[in-house]
Amino acid sequence: MQIDLAFTPPELEKKDLRNKTVVVIDALRATSTMITAFENGCAGFIPVATIEEAQKLFADLNEPNLLLGGERRALPVEGFHLGNSPRDYRPEKVNDKMVIMTTTNGTQALVAARQAGEVFIGAFPNLTALCRRLQEAGRDILIACAGEKGFFCLEDTVCGGAMIGHLGKEDLPVQESDSALAAKILYEYFAADIYGMLAACEWGRYLEKMGLGKDIRLCAQIDSSKLVPTYREGKVYLDR
Ligand code: MLT
């Protein structure tokens with residue numbers, strides 16, 4: 001099994017995604033928020049790139065169980081029902097609801113991954129469950145970090161490195177690309193204090209400054225969920 005990692009969506013777009021399992025990671029916060037939402041009964045997400053696209057789709061579909069969610073600069077978008085904080089996605093708000101979602105990096109990375117054979121949603125909260133699914137799938141893996149506006153970000157790379165480290169421990173013949181190996185080494189450096197890494201990285205410091213520090217704690221809860229959402233035909237949902 002080969003494991004590769006794209007530090008950013010522009011890198012992902014240059015890779016051949018066919019026949020691969022892609023894992024999209026936006027550790028702070030989009031993929032962590034999606035996992036929380038599913039834990040709270042959310043029916044699924046339709047990730048889109050822009051606010052305008054989200055608004056148009058919402059109006060066109062005009063379905064009673066639809067909500068608009070997302071952020072820009074970490075803040076909820078005006079007129080949307082939900083932001084991108086995991087704390088927004090409480091059962092009373094999202095149970096049985098479908099959320100059209102747009103975030104700065106996370107939903108962009110998902111849209112960029114849509115050609116892949118299979119796409120999973122990954123973050124620290126579903127680390128072990130996700131790795132199990134990857135083993136079962138048995139295909140070559142490409143970890144897609146959402147990054148920050150096309151550039152490297154520490155938290156997604158460390159989270160990807162955690163997955164690579166975990167897979168390497170199983171009895172599997174794993175071949176890591178240089179980027180995958182680098183991510184694994186970075187994870188090993190931070191492994192003892194994932195919360196500390198999330199709080200110290202650029203976006204974590206920004207979230208803290210915006211009064212969203214509690215979200216960092218939630219995003220740092222390794223293995224708090226066993227759910228592994230899938231992205232297929234334009235929607236994120238639980239297929240088992
Ligand atoms: C993103 O997609 O860029 C993030 O999830 C930003 C955030 O923390 O809201």
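In the predicted structure, the count of aromatic pairs comes to five. One of these is formed by phenylalanine 38 and phenylalanine 45, whose ring centres lie 5.7 Å apart with 70° between the planes, an arrangement that is edge-to-face because an angle over 60 degrees falls in that class. Both partners have computed accessibilities that place them in the buried class: phenylalanine 38 counts as buried at 5% relative accessibility, and phenylalanine 45 is buried with a relative accessible area of 0%. Ring pairs also bring in Tyr89, so that Phe38, Phe45 and Tyr89 are linked into a cluster.

A further aromatic pair, between tryptophan 203 and tyrosine 206, is tilted, with a distance of 4.7 Å from centre to centre and an angle of 35° between the planes. Both residues belong to helix 10, which spans residues 202–209, and they are three residues apart, about one turn of the helix. Tryptophan 203 counts as buried at 14% relative accessibility, and tyrosine 206 is likewise buried, with a relative accessible area of 14%, because the buried class covers values under 20%.

Tyrosine 206 also takes part in a contact of another kind, in that arginine 73 lies over the face of its ring, at 4.4 Å from the ring centre.

Notes:
Residues are numbered from 1 along each chain as its sequence is written. This is a predicted model: local features need pLDDT of at least 70, side-chain atom pairs count only at pLDDT 80 or more; totals for chains, interfaces and linings use all residues. Side-chain values use heavy atoms; hydrogens and water are left out. Rings of Phe, Tyr and Trp (its six-membered ring) pair if their centres lie within 6.5 Å; planes under 30 degrees apart count as stacked, over 60 as edge-to-face and the rest as tilted. Buried means under 20% relative accessible area, exposed over 50%, partly exposed in between (1.4 Å probe, protein chains only). Helices (H or I, at least four residues) and strands (E, at least two) are DSSP runs, numbered from the N terminus. A charge sits over a ring if NZ of Lys or CZ of Arg is within 6 Å of the ring centre and within 35 degrees of the ring normal.
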